[in-house]
Amino acid sequence: MHVTHAILTRRSHKVFRGTPVPDADLRHLLELAIWAPNHKFTEPWRFTVLPKRSFAELWDAVRAAADTDKARSKLHKLKDIVDGAGAAIAVRQVRSPDHPERDHEDYAACAIACQHIQLGAWERGWASYWTTSPGFVGGSLTQFWQTAEDEALVGVIFLGEPVLDMPAVRRNSVDSVAVWL
Ligand SMILES: Cc1cc2nc3c(=O)[nH]c(=O)nc-3n(C[C@H](O)[C@H](O)[C@H](O)COP(=O)(O)O)c2cc1C
């Protein structure tokens, strides 16, 4: 798959068929992630890999973290995602609170690592979506994802076999967002 095609056809998917993503594919995605550009070779990313066989632990943690009526009322939607997904990868950023510019750049580098994971997955036929939803990353879930004191959770990427053809969401035109000098 050419990179242009991967970029243009990758979509966020939340409905998956339940097929486990093999460990070899997950390792491949990490190998792509670590080639993201990063200023001064800080390599600020850390990953927590959750294969399908460990999803029972995720669901226990998600349920335990839902500690308000509002959060509990949304659990059924999260359950559908957990049941369908075939793996998840949490991307964590090592923070540099004393160096705001580095911290800013390192978040960007981690975001690119996330995109490498999503595009690499798509190339192998795995759909994905990146979530920062409190139901998956909030409260006690930061510990579940092994986020250290000096780290921030950039997001969790769920991966799985797609069920639906996801239509592209409209993008504003290049002309409306670009100036040429
Ligand atoms: C930093 C970040 C956080 C996101 N968090 C969520 C989320 O919590 N829930 C969700 O449904 N989608 C989330 N998304 C996915 C976006 O909603 C999605 O990329 C957007 O709708 C565009 O659709 P596409 O990915 O199919 O192009 C997130 C994306 C990014 C970059």
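This is a predicted model: local features need pLDDT of at least 70, side-chain atom pairs count only at pLDDT 80 or more; totals for chains, interfaces and linings use all residues.
Residues are numbered from 1 along each chain as its sequence is written.

The protein chain holds nine helices and four strands, which are DSSP runs numbered from the N terminus (helices: H or I, at least four residues; strands: E, at least two). Read from the N terminus, the order of elements is α-α-β-α-α-α-β-α-β-α-α-β-α. The radius of gyration is 17 Å, close to the 16 Å of the globule rule for 181 residues, so the chain is as compact as a globular protein of that length. Here the radius is taken over C-alpha atoms, and the rule is 2.2 Å times the number of residues to the power 0.38. Along the principal axes, the C-alpha atoms fill a box of roughly 50 × 45 × 35 Å. Among contacts (C-beta atoms, placed from the backbone, within 7 Å) between residues at least 6 apart in sequence, 81% join residues at least 24 apart.

Turning to the interior, 28% of the 181 residues count as buried. A buried residue has 20 or more other C-beta atoms within 10 Å of its own, an exposed one 12 or fewer, and a partly exposed one a number in between, with C-beta atoms placed from the backbone. The largest nonpolar core has 39 residues, and Ala88, Ile89, Val91, Ile157 and Leu159 have the most contacts inside it. Its largest share, seven residues, comes from H6. Such a core is a set of buried Ala, Val, Leu, Ile, Met, Phe, Trp, Tyr and Cys residues joined through C-beta atoms within 7 Å. Beyond its neighbours within four places in sequence, Val91 touches residues including Cys110, Ala113 and Cys114, which are among the buried residues of H6.

The 24 residues of H6 (residues 100-123) should span 34 Å at 1.5 Å a residue, and the end C-alpha atoms are 35 Å apart, which agrees; the expected span is 1.5 Å times one less than the number of residues. The buried residues of H6 pack against helices H1 (3-9) and H2 (23-33) and strands S1 (45-51), S2 (87-94), S3 and S4 (151-160). After H6 comes Gly125, with a positive phi near 90 degrees.

The ligand is surrounded by Arg11, Ser12, Tyr129, Trp130, Thr131, Thr132, Ser133, Gly155 and Val169, each with its C-beta atom, placed from the backbone, within 6 Å of the ligand. Strand S3 (residues 127-131) gives the most to this shell, with three residues.

Some loop residues complete the picture. Between S4 and helix H9 (174-177) lies Glu161, which counts as partly exposed because 18 C-beta neighbours lie inside 10 Å. Leaving aside neighbours within four places in sequence, Glu161 is in contact with Phe16, Arg17, Thr19, Gly86 and Trp126. Pro167 is found in the loop between S4 and H9 and is exposed, with 7 C-beta neighbours inside 10 Å. The C-alpha atoms of Pro167 and Arg11, 156 residues apart along the chain, are separated by 7.7 Å. Phe41, in the loop between H2 and S1, has a positive phi of about 50 degrees although it is not a glycine.

Definitions and conventions
Two residues are in contact if their C-beta atoms, placed from the backbone, lie within 7 Å.
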